Amino acid sequence: MKKNFAFLAVLVTALSCGGSGSNQAGETAAIPAAVTPNVEVAVAQARNVPQEITYASTVEAYAVNNIMPQQGGRIRKINVEVGDYVSKGQVLAEMDRLQLDQLALQVQNDEIEYQRLKSLYEEGGVSQSDFETAELGYKVRKTNYRNVEENTILRSPITGFVTARNFDAGDMFAMSAPLFTVQQVVPVKLLVGISESEYVKVKKGDQVTLTVDALPGRSFSGKVGRLYPTIDAVTHTFKAEVVVNNADKALRPGMYARVTVNFGDRRSVVVPDQCLVKQEGTGTRFIYVLQADGTVSYVPVKTGRHMGTEYEITEGLSDGQTVVVKGQAALKDGVKVNVL
């Protein structure tokens, strides 16, 4: 019986030694203390933020004219080619002149007769009705001559580039297509589809800027020349016609453009874009705000414009608040931090 008691005493002593926090040297193992996260911070600042939105559009000719006579006939002469820059009133082509030359002789004879009758009428040798009849016939003939001349000697009604020539000299023009297409490029215009929510913010004469992919590094200025009065029921946008001077003819119809419209300034809080954190699985964005006691708070925010390395905050943040810009991965709401 005494042997059994001795065995139990040794067993209890061994279990007591094995369950303690001491090591072989008799020292107690320390429990690691919680690590305070290191963060970098910045101060949110309120300032006037330009409310600019960029829209995609296409450069268009300010005016496009399809040039053709009123009736068919043989093309006598072609004076210009595709790509030529022509002036308003410049002769582009001539049709067969037979009818025009015949009318020219008739007008010449009518003018001689008109002048003869006018002299007789002034001397009382012709009645007023006869003179007025002759005068009316002369004016009608002259009007007819001018109309035939316009459709025989084809002139450009605008200054611009010849962008199409569909016939050659000697061809019979059958009115299947215009002889020429001339496009005015000084100035040019763009039709910009703007959201209906901005309808009351856009006015005729507002200044805009634009860039085109074909001319990297260059920007152009223009202004709103016309606002379309209706809103598209499908896209919920309205059209604004932007006019660009284009004095150097650098912009050409068909170029893809990005048009930036400024809707004025808005007083907003601005922070570095690094401080924004997106909540996984949602579209919510938040910022960690440093409190007076050295802890951070989780603050959901709404963003506005992204300007380079900064974000406009429209809701959730006040001017002068300190926000975390680095070290967010180790943070959660209420955690005490060490500001570097």
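Predicted model: local features only at pLDDT ≥ 70, side-chain atom pairs only at ≥ 80, totals over all residues.
Local features were considered at pLDDT of at least 70 and side-chain atom pairs only at pLDDT 80 or more, while totals for chains, interfaces and linings use all residues. Residues are numbered from 1 along each chain as its sequence is written, and side-chain values use heavy atoms, without hydrogens and water.

The protein contains 3 helices and 19 strands, taken as DSSP runs numbered from the N terminus (helices: H or I, at least four residues; strands: E, at least two). Its C-alpha atoms fill a box of roughly 170 × 40 × 35 Å along the principal axes. The radius of gyration is 42 Å, whereas a compact globule of 340 residues would have a value near 20 Å; the radius is taken over C-alpha atoms, and the globule rule is 2.2 Å times the number of residues to the power 0.38. Of the 340 residues, 31% are buried (under 20% relative accessible area; exposed is over 50% and partly exposed in between, with a 1.4 Å probe and protein chains only). Among contacts (heavy atoms within 4.5 Å) with a separation of 6 or more, 74% join residues 24 or more positions apart.

In soluble globular proteins, nonpolar side chains tend to be buried together. A nonpolar core is defined here as a set of buried Ala, Val, Leu, Ile, Met, Phe, Trp, Tyr and Cys residues joined through side-chain atoms within 4.5 Å. The largest such core has 25 residues, of which Val-59, Leu-190, Ile-194, Leu-210, Val-212, Val-244 and Leu-251 touch the most other members. Elements giving two or more residues to this core include strand 2 (45-67), strand 10 (207-212) and strand 12 (237-244). Strand 9 supplies the largest share, 5 residues. Apart from this core lies another of 16 residues, among them Ile-75, Leu-154, Val-162 and Val-182. Beyond its neighbours within four places in sequence, Val-244 contacts residues including Pro-187, Leu-190, Leu-210, Phe-220 and Leu-251.

Two loop residues were also examined. Ser-156 lies between strand 6 (153-155) and strand 7 (160-165) and counts as buried because its relative accessibility is 2%. Leaving aside neighbours within four places in sequence, the contacts of Ser-156 include Ile-67, Val-86, Lys-88, Leu-92 and Val-182. Thr-284, in the loop between strand 14 (277-278) and strand 15 (285-290), is partly exposed, with a relative accessible area of 31%. Not counting residues up to four places away in sequence, Thr-284 touches Val-277, Lys-278, Gln-279 and Pro-300. The C-alpha atoms of Thr-284 and Val-185, 99 residues apart along the chain, are separated by 47 Å.
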